[in-house]
Amino acid sequence: MIDRADPEGAIAEAAERCSNWGRWGPDDRLGTLNHLDSAKRREAAGLIRRGASWSLSLRFDVDGPQRGWRRRTNPVHTMLDTGTDAALGNQGFPHGMGGADDVIAMPLQCSTQWDGLGHIFDHGKAWNGRPAEQVVTSDGDLVTGIEHFAAHVAGRGVLLDVGRVVGGGELADGFAITEEHLTATAEQHGVEVGRGDIVLVRTGQLTRVRDGWGEYAGGPAPGLSFGTAGWLHRTEIAAIATDTWGFEVRPNEFDDAFQPLHQVVIPNIGLLVGEMWDLDALAADCVQDGVHEFWLTAAPLPITGAVGSPVNPIAVK
């Protein structure tokens, strides 16, 4: 049972019980991605049967979900060179050649993304017990920058469509997904979740906000219960991603708390967390063919020192 009045105690207990500090040595930069090794990737490659593929990313454009929460904005896309420039002969290229160039400015966590291990601290400690001030400075994440993940996030993906199994399609905002919900969903799908898996949890929230974002980014949402920390640690999954903005249930399950599950899983478990993934089309196919496992590649952009990254995950069956 969760004591709503004691988030500090609950976080401390879960952090100690689920800690992976030192598990892969004092210099580790990958956290739970260590569970996803070459043998697991070889197994996962065998899941490709049809060659059908899905992008699990939202579009990166000015019509995205951001509304200014924590100074996060939607991407601003600007053309540097256009067809008009080429037609007017303003580009200076020889023999009739013309071209277009563009630039984008955006927070790295404004749409479909990964949280890096330097994104969240617990009482001044970053992943593996390092002092936060020595890890992330004004120069970026000097130790666990997202660039270190770039070659590793590819393997077996497992979709747990909790929204469909538990909610009949969608879960209400504020619905806390428990370990029991996760295991029951996996059982109904006929899959086992284990070491090295990249787990995708569909709540259905994204389905109902497509035509009007509302408070999708930063507001109430279904999500994982704080009580799932033990499951996330015990299953030895490599990563987890959801179709919501913040991965865990909002409002949180304590009277006065902000993202307590993040505080346990990122700096203490070393878990790679993804948010705002578009799982609907993949989920619809899983309903049709009854297969909820697939090859998944979801490399972050190797942005040196970044504590998060946009991603275009690709699922292949």
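Let's start at methionine 276, which lies in the loop between strand E12 (272-275) and helix H10 (280-289). Helices (H or I, at least four residues) and strands (E, at least two) are DSSP runs, numbered from the N terminus.

A word on what we're looking at: this is a predicted model, where local features need pLDDT of at least 70 and side-chain atom pairs count only at pLDDT 80 or more, while totals for chains, interfaces and linings use all residues. Residues are numbered from 1 along each chain as its sequence is written, and side-chain values use heavy atoms, with hydrogens and water left out.

Back to methionine 276. Its phi is near 60 degrees, a positive value in a residue other than glycine. Most residues other than glycine have a negative phi, and most peptide bonds are trans. Is methionine 276 buried or exposed? Methionine 276 is buried, with a relative accessible area of 2%. Buried here means under 20% relative accessible area, exposed over 50%, and partly exposed in between, using a 1.4 Å probe and protein chains only.

Now please find the loop between E11 and H9, the place of phenylalanine 247. Phenylalanine 247 is not a glycine either, yet has a positive phi of about 70 degrees. Its relative accessible area is 0%, so it counts as buried.

Phenylalanine 247 brings us to leucine 232. Not counting residues up to four places away in sequence, leucine 232 touches Leu224, Ile237, Ile240, Phe247, Leu261, Val265 and Leu271; contact means heavy atoms within 4.5 Å.

On to the nonpolar cores, meaning sets of buried Ala, Val, Leu, Ile, Met, Phe, Trp, Tyr and Cys residues joined through side-chain atoms within 4.5 Å. The largest has 61 residues, and Trp114, Leu160, Leu200, Leu232, Ile240 and Trp277 touch the most other members. Helix H9 (residues 260-269) gives the most to this core, with five residues. Apart from it lies another core of seven residues, including Leu206 and Tyr216.

One more loop residue: threonine 235 sits between helix H8 (229-234) and strand E11 (239-242). With a relative accessible area of 13%, threonine 235 is buried. Beyond its neighbours within four places in sequence, threonine 235 is in contact with Val193, Gly194 and Arg195.

Finally, the whole protein: there are 10 helices and 15 strands, and 50% of the 317 residues count as buried.
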